[in-house]
Structures are given as C-alpha cells and as structure tokens.
Amino acid sequence: MEPTGSGKPDLDPLHLNVPDHTNWSRNNIAEAIPGVCTALGFTFWFEPNNLGVLRGFRAVGACGRSEVKMPERPEDFFFGAFFGQAAINLGAQQPFFDRVPLYSRSTMEEVMMSKDGDGPAVGGRRPAFRFPVSRVARMLWTALWLPRRQAALRLETDRWWTRAVGAGKPRTIEGAVDTIVDAHDRFVRIMETHMATGMIMGLLYARLARLVASAGHPGLETELVTGARGIDETEVLNDLWEVAHGRTGLDDFIRRHGFHGTAEGQLSEPSWREDPTLLASQIEEMRVRPEEQSPGSLQRARERSRAEAQRSFLAQLPVAQRTKARLLLGLARRFVQLRETSKASFLRVIDAARCAARALGDRLANAAALESARHIFHLTLSEIADPAFRDDPAALRETIARRIAQRETYLNIELPFSFSGVPKPLDRQPQETKPEDAETGEPGMPKTIAGMGVSRGIAEGRVRVLTGSDGDARIESGEILVCPTTDPSWAGLLMLASGAVIDMGGSLSHGAVVARELGIPCVMNTGNGSNILRTGDRVRMDGSTGIVEILQASPTGGPAPP
C-alpha cells in the first residue's frame, strides 16, 4: 500500500490551494475532525474521505467501478484542509449525490448540512425512469446487506483494536509503521460502509420528513426517529453511569470504550484509554445525580414519548398508508443506529493508529531521530510509511520545525463554515458582557439567536460555554450546554445538560442524534452561538423552532472555559 495525498512534494498537508470556483464547507466534517489537524492526522483521514467515500457512492449506485480512484487535482478532492481545518468539497461531491437513486444534493444539504440545496425540495418527487434499474437494484441490495455487514465489521474491528492497543501493541519501529498502515487501510474500508449507511439514512429521513409534513406535522420526524436501542453513545453513557455509581470498575469501562476521547477524530489528541482522568468531571457529576436521571431512565422516557408520537401520527394516516409508514419509521431508526455503529468502528482504528504512532515516536526519540516523541504527528502518512524518511535526521527536524510553526499560527485562525476557494480567516472578537448591561444585554448584543430545531422541548437556564470535552469540562444541574460542535466524547456532557445549543450541524449530526435519544432540547447550526453567548448568561431555548432567547446577560461576563 502506498498512502495517497501526502506523497506529492507540492501538496501541503495542512493547507490546500484551490481555484475560487470550488465550494467548500466545514459543516458536518468539523464534528468528526474538530480543530486544527497535524500533518499525520490530516493525511490519515485523506484517503478514507476520498477513495472510501467514492466506494460508498458506488455501493449505492452513484458511480461505476472505473470512477472509484483517487482524484489527481486539489479542486477535485472530496476532502481537504485550509489553515489546518478540515473541510469537504461540496462541488466535487454534489454531482454524485444527484446520481444516487431517489436522492439529490438538496436532500444531502438539508438533512446533513442544515442548509437549502440547489436542487428540488427534500422528498420532491422524481420520475422513476430517471435512474437505470441497475442503479436502483444496487442501492436496494446495499441496503439489505448493510446491517449484517455492519455487525461483522464492528465485531472484527473491536477484536482488532483490543489487540492493537493491548497484547499486540507495537514493540518495534517496523511493527508500529505496519499497524498505522493497517489501521489506515481498515479506515478506507469502514468509510465505504459509513458513507453508504449515511446516504441511505438521509434518504429514509427525508422521505419520513415528507410523509409527516403531508400529514400536517412538519418537524415531527425528529421525535419519531428516537428510541433506537443499541446506539453506541447510549451504551457508553449507561456503562459510565454504572462506573459513577460503583456497580462496575473504570478499568472495565476503558476496556470497552477507551477508544473515545477528547477531539477523538484528531490522531494527536489523547483517548480515554491513555488518560482516564478525562472522564473525571463527568463521573463526579453523574455520581450525585438521582437514578431517575440515569441514561437508562432518560432513554425509557424517550421511548414512551416516541411511541405516543408514533401512535398519534399513524392514527391520522389513511389505513392504506400505515403499513408503509411503519416500515419507513423502523428503517429510519435502524439506519440512524447503524451510522453511529460505523462511526464507532472508525474511531477504534483511529485509536489503534494513535497508539502505534506514540510507540513509533517513542522509539524514534530514543534513537535520536526525533527531538520529541510527539513530533511524530508532524510527519505525513507517506513519510512515515517510507523507510527512508529517517535517513536524514537534519532534514526531518527541519520539516517538523516548519510544520510546528505553521500549525501554531493556524491555531489562532477562525474560518467561516462555508466558502469558495481558499477561505479568508474571520476577524471575530468574543462578545463581552458588561455588568451594567446584565438585565438587558449589552448594546449590539442580539436578543435572540436563530438556529435549527432538531430535538423538541423548551429549556431555560444558565449557559455553560465549552470548547472541549476534556477532564476539566463540566456541566452542573440545570445548565444549557453551548459549544462549537460535538463528537461522541461529548455524550456524557449532553446527558448532564438540560439543553444544547451547537454552532454547526444538521438534523442528523451527532449532537442532534444524541440529544433526541436523551430527550433534551437541541438547537443546531447557530453559526456563532458559542461566540455570542457567555458562561452564566440566562437563556430560553426552543428545540422545535430553533430560537435561543437571551433573557439576561451574565453580570460577570465570565469567559468560556478553555
């Protein structure tokens, strides 16, 4: 295997140069890869998000075998980085979405990106003859075998991860390189399944949205897709609750779920396996919560609420439509669960690569090839896979020093969510709340923030702005979580919050799915809610309308925790 995307001498692993006509978005991808990448982190994701995604398109009938190959030009990449921050190329992917049977770029953008698309409305009718029978047959076949494929993939990946970070942990330089390359190859295969699952899930969700709207209940789909047993994040929360209440040990929890961690899509960031103290604040807060606030109790309440909503919805449909509606509901919930399953699988291979990279860094630092073991993350996947990469230690250190300085600069840059060509960094200063304006909000501060309602309910309380899910991140009873984005490591914080307001994402983003399972109101895609709101502000949020009303600014104007 020869890793692609970083072996070209003219390709900067942290910043692409692309023509102005290309359209990019950080929405959705930023919850998988938050913050600024390292060279190894970006190049580890690069091929899975290009070749793996293309394979996923082929699985659902959007392209033929001959089209499944790595793009050559940066403007054709599906995935890239600007100032170290991951983004997806909408212009390159949209034509493939239009070729998915019964799908479109509009469907993708509305259910995954929370924006209006250029195509017909979600669920808009398309003539059956638009797609060859062979494409439709391929998509149906994929939908049929995906559940079994996902189950087998999860079992295989879990066993491999357990060995790769345990008994099979690399002991040599060659062994560490082999594990990283193996993890990367597995990631490509898992991404094929993840992409296909996501597209079928999006299609089912869009059809359900159309059906409930035609029955006079627009937005009810967010209530109807909850209550699916076996979602990875709810299993994590149930097990962590058991740890907090002394019914099982932390070591057992780490053996099952230790691949999660802070900014877990970033290869260089620690996992719970490496640093269990990252869970300290969540365990502490769970310990003082009563049993009726346990994840299991919250999910059972959500199941009852969903069952009641489903009964009410079905009762208003013509009898002839009810069987079709029940099938659609069951499939939509099942594929939401499957998408989270494939996400957990690729997080396991990322953690195995993380473990191997640290082992490789340690050995190279001991051999004086690197000044620090952590410097391994500033090399690309192709550089690591090439045995000659350490033949010239001076050149190696020069490359690493340049990339470290480059990334330090990028850490202070904020980018828009959507842009054309190379984005211009934003000049955005955090809002400050003055004590004398505490009752009405400071001059120029908006009274409301508008987003996308993705989990029904109304919550009123104090804001807690968090930018990370590390061990110092905590949520107190009654607080509303406000953050830029979430990944699976945020599930515990979402469970402890009375509501969530998230800068980016759509109705099928991670934060939205978990909030619905926990039964807390959630507003997504506020754009810059975490920049406007401050810890201590009092707000009222509506998870149906997507409106966050600022009732009272914090008298102290406390800054958001780091």
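Predicted model: local features only at pLDDT ≥ 70, side-chain atom pairs only at ≥ 80, totals over all residues.
## The eight-stranded sheet

Let's start with the sheet built from eight strands. It is open, its pairing is mixed, and the strand order reads β5-β12-β11-β7-β8-β9-β10-β6. At the edges sit β5 (448–450) and β6 (452–455), each of which pairs on one side only. From one strand to the next, the twist averages 30°.

Zooming in on one spot, strand β9 (residues 499–502) and strand β10 (residues 522–524) run parallel and are joined by two bridges. Here Val-501 stands opposite Val-523 in β10. Helix α17 (residues 510–518) packs on this sheet and touches β6, β9 and β10. The direction of α17 makes about 170° with that of β10.

## The four-stranded sheet

The other sheet to look at has four strands, in the order β2-β3-β1-β4. This one is also described as open, and its pairing is antiparallel. Because β2 (79–82) and β4 (418–420) each have a single partner strand, one side of each is left without a neighbour in the sheet. On average, neighbouring strands are turned by 40° against each other, direction ignored.

Strand β1 (residues 23–25) is joined to strand β3 (residues 85–89) by two bridges, and the two run antiparallel. Ser-25 has Ile-88 as its bridge partner in β3. Helix α4 (residues 90–98) packs on the sheet by touching β1 and β3, and its direction makes about 40° with that of β3.

What covers β2, and on which faces? Both faces of β2 are covered: Phe-79 and Ala-81 are buried on one side, Gly-80 and Phe-82 on the other. As background, side chains in a regular strand alternate between the two faces of the sheet.

On the pairing side, four bridges join β2 to β3, and the strands run antiparallel. Phe-82 stands opposite Gln-85 in β3. The hairpin of β2 and β3 has two residues between the strands, and in it Phe-83 takes a positive phi near 50°.

## Two nonpolar cores

Which residues have the most contacts inside the largest nonpolar core? They are Phe-57, Phe-82, Phe-313, Phe-346, Leu-360 and Ile-376, in a core of 114 residues. Helix α7 (residues 173–214) supplies the largest share of this core, with 21 residues. Leaving aside residues up to four places away in sequence, Phe-313 touches Leu-211, Val-212, Ala-215, Leu-220, Leu-224, Ala-325 and Leu-329.

There is also a second, separate core of 35 residues, and among its members are Ala-244, Leu-493, Met-495 and Cys-522. For context, nonpolar side chains in soluble globular proteins tend to be buried together.

## Helix α10: one face in, one face out

Helix α10 (residues 250–257) has Phe-253, Ile-254 and His-257 buried. Looking down the axis of α10, the buried residues fall within an arc of 100°, so they line one face of the helix. Asp-251 and Arg-255, on the other side of α10, are exposed. The cover over the buried residues of α10 includes α6 (133–164) and α9 (232–244).

## Aromatic pairs

The count of aromatic pairs comes to 16. One of them is Phe-42 with Phe-46, a tilted pair at 5.6 Å centre to centre with 55° between the planes. These two phenylalanines are separated by about one helical turn because they lie four residues apart in helix α2 (residues 39–46). Phe-42 counts as buried at 1% relative accessibility, and Phe-46 is buried too, with a relative accessible area of 1%.

Another pair is Phe-78 with Phe-96, this time edge-to-face, at 5.6 Å centre to centre and 70° between the planes. This pair links distant parts of the chain: Phe-78 lies in the loop between α3 (48–59) and β2, while Phe-96 is in helix α4, 18 residues apart. Phe-78 counts as buried at 3% relative accessibility, and Phe-96 counts as buried at 12%.

Which residues do ring pairs link into a cluster? Phe-42, Phe-46, Phe-77 and Phe-79 are joined this way. Phe-79 is also one of the buried residues of β2.

Note on methods. Residues numbered from 1 in each chain as written. Heavy atoms only, no water. Pairing = 2+ DSSP bridges. Axes fitted to C-alpha atoms, helices over the stretch in contact; angles between N-to-C directions. Contact = heavy atoms within 4.5 Å. Core = buried A, V, L, I, M, F, W, Y, C linked by side-chain atoms within 4.5 Å. Buried < 20%, exposed > 50% of the residue type's maximum accessible area, 1.4 Å probe, protein only. Arc of directions from axis to C-beta. Phe/Tyr/Trp six-rings, centres within 6.5 Å; stacked < 30°, edge-to-face > 60°.
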